[in-house]
Amino acid sequence: MTELGNRLKEARKEKGISLDDLQEMTKIQKRYLKNIEEGNYDSMPGKFYVRAFIKQYAEAVGLDPETLFEEYESDIPRTEQEEFPEQLSRVQTAKRAAPDTVKMMNVLPRILVVAAIIAILFLLWFIVYKFAGQNTKEKLNSGASGNVSVQKESIKSAEKVSSGKNTDSSSEKNAAKTPKKPASETKKTAQKLETVSSSGYTTTYKLAGTSQFKLELKANGGRSWVQVKNSDGSTNFQQLLNDGDSRTADLSKQKQVTITVGNTVNTEVYINGKKLKYHIPASKEVRQDMVIQFNGSQTE
């Protein structure tokens, strides 16, 4: 067993996670996880997969993969040797391309540009022609009906003058009857959860506009290990949620809470009944830390 494998295994046992649990969290086969702990990299699919699997393993047990790659650089296979021949073969293939193909590739963009310019000019001509015809028809129609519209407008203006006094008095009565809404009804507070900052797999949020902070963590689609820490760093709770299980907590007295989710793909986070949308996509970071700042005495 290598030093890296021993460190990963100890971190997994400290979290109380078995290899079967880790397989469910990372979607990596159990035999590959065991090979990582024993340092048996020869039986892995490839060097690229070795680094990828180690990264997922570290994130699931709460370790920083970048730090591990730096500390155990000599123990982890590098992928440059595999990538170099592939890149070299691509360069050689490009050099062997037929001259006729190269010429065609150079001419094709020019043809496309010319075709696009012709299409744009035709479209502009069509728009100008269509609108010019419509304006001519409108002028002819407006000349015949101009006198009629002037007479109608004069009749309407005379009616407005005669009924102006009645209209003003009725509008004043309606304004007096209309009750004013209390100031408390016009201004309503709403809960806001905004992202403050994000670094690595840690995101800081700010919860405002409410005096309550009720948390619910729910496993949906698989198992997930979760942990919640209070403002003073003490652990509120930590456990492994099976598919369909949920855990709730009232954190209204806390000013800052740290939520650790071991498998964000299968974990839903609700704050005061509203589902939290992960700032970092679950497909990018399986294991995430969420720091939520809260001051229940202030609302916005």
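Among contacts in the chain between residues at least 6 apart in sequence, what percentage join residues at least 24 apart? It is 65%, where contact means heavy atoms within 4.5 Å. This is a predicted model, in which local features need pLDDT of at least 70 and side-chain atom pairs count only at pLDDT 80 or more, while totals for chains, interfaces and linings use all residues. Residues are numbered from 1 along each chain as its sequence is written, and side-chain values use heavy atoms, with hydrogens and water left out.

**The chain as a whole**

- The chain holds 10 helices and 10 strands; helices (H or I, at least four residues) and strands (E, at least two) are DSSP runs, numbered from the N terminus.
- Of its 300 residues, 28% count as buried, a word that here means under 20% relative accessible area, with exposed over 50% and partly exposed in between (1.4 Å probe, protein chains only).

**How confident is the prediction?**

- The average pLDDT of the chain is 79, and 71% of the residues score at least 70; pLDDT is the predictor's confidence in each residue, from 0 to 100.
- Over residues 81–97 the pLDDT is below 50, and this stretch has 4 contacts in the model beyond near neighbours in sequence.
- Residues 183–187 also have pLDDT under 50, with 1 contact beyond four places in sequence.
- Where pLDDT is low, the predicted coordinates should not be read in detail.

- Just after α2 comes K27, with a positive phi of about 65 degrees.
- In α3, the buried residues are Y32, L33, N35, I36 and E37, and they pack against α1, α2 and α4.
- Just after α3, G39 has a positive phi of about 75 degrees.

**A closer look at R12**

- R12 sits in helix α1, and it counts as buried because its relative accessibility is 7%.
- The side chains of R12 and Y57 make a polar contact at 3.3 Å. Such a contact is a pair of N or O atoms within 3.5 Å; within protein, one must be able to donate a hydrogen and the other to accept it, and residues adjacent in sequence count only if both atoms are side-chain atoms.
- Leaving out residues up to four places away in sequence, R12 touches I17, S18, L19, L22, E37, Y57 and V61.

**The nonpolar cores**

- A nonpolar core is a set of buried Ala, Val, Leu, Ile, Met, Phe, Trp, Tyr and Cys residues joined through side-chain atoms within 4.5 Å.
- The largest one has 26 residues, and L4, L8 and I54 have the most contacts inside it.
- The elements giving two or more residues to this core are α1, α2, α3, α4 and α5 (65–71), and α4 gives the most, with 6 residues.
- Apart from its neighbours within four places in sequence, L8 is in contact with I36, Y57, A58, L63 and L68.
- A second, separate core has 22 residues, including V226, V228, F237 and L276.

**Strands and sheets**

- Strands of a sheet pair through backbone hydrogen bonds, either parallel or antiparallel.
- An open sheet is formed by 4 strands in the order β6-β3-β8-β9, with antiparallel pairing; two strands pair if DSSP finds at least two bridges between them.
- At the edges stand β6 (246–250) and β9 (274–275), each with a single partner strand, so one side of each is left without a neighbour in the sheet.
- Strand β3 (residues 214–219) pairs with β6 over 5 bridges in the antiparallel sense, and L215 stands opposite A249 in β6.
- Strand β1 (residues 192–199) runs antiparallel to β2, joined by 7 bridges.
- L207 lies in strand β2 (residues 202–208) and counts as buried, at 2% relative accessibility.
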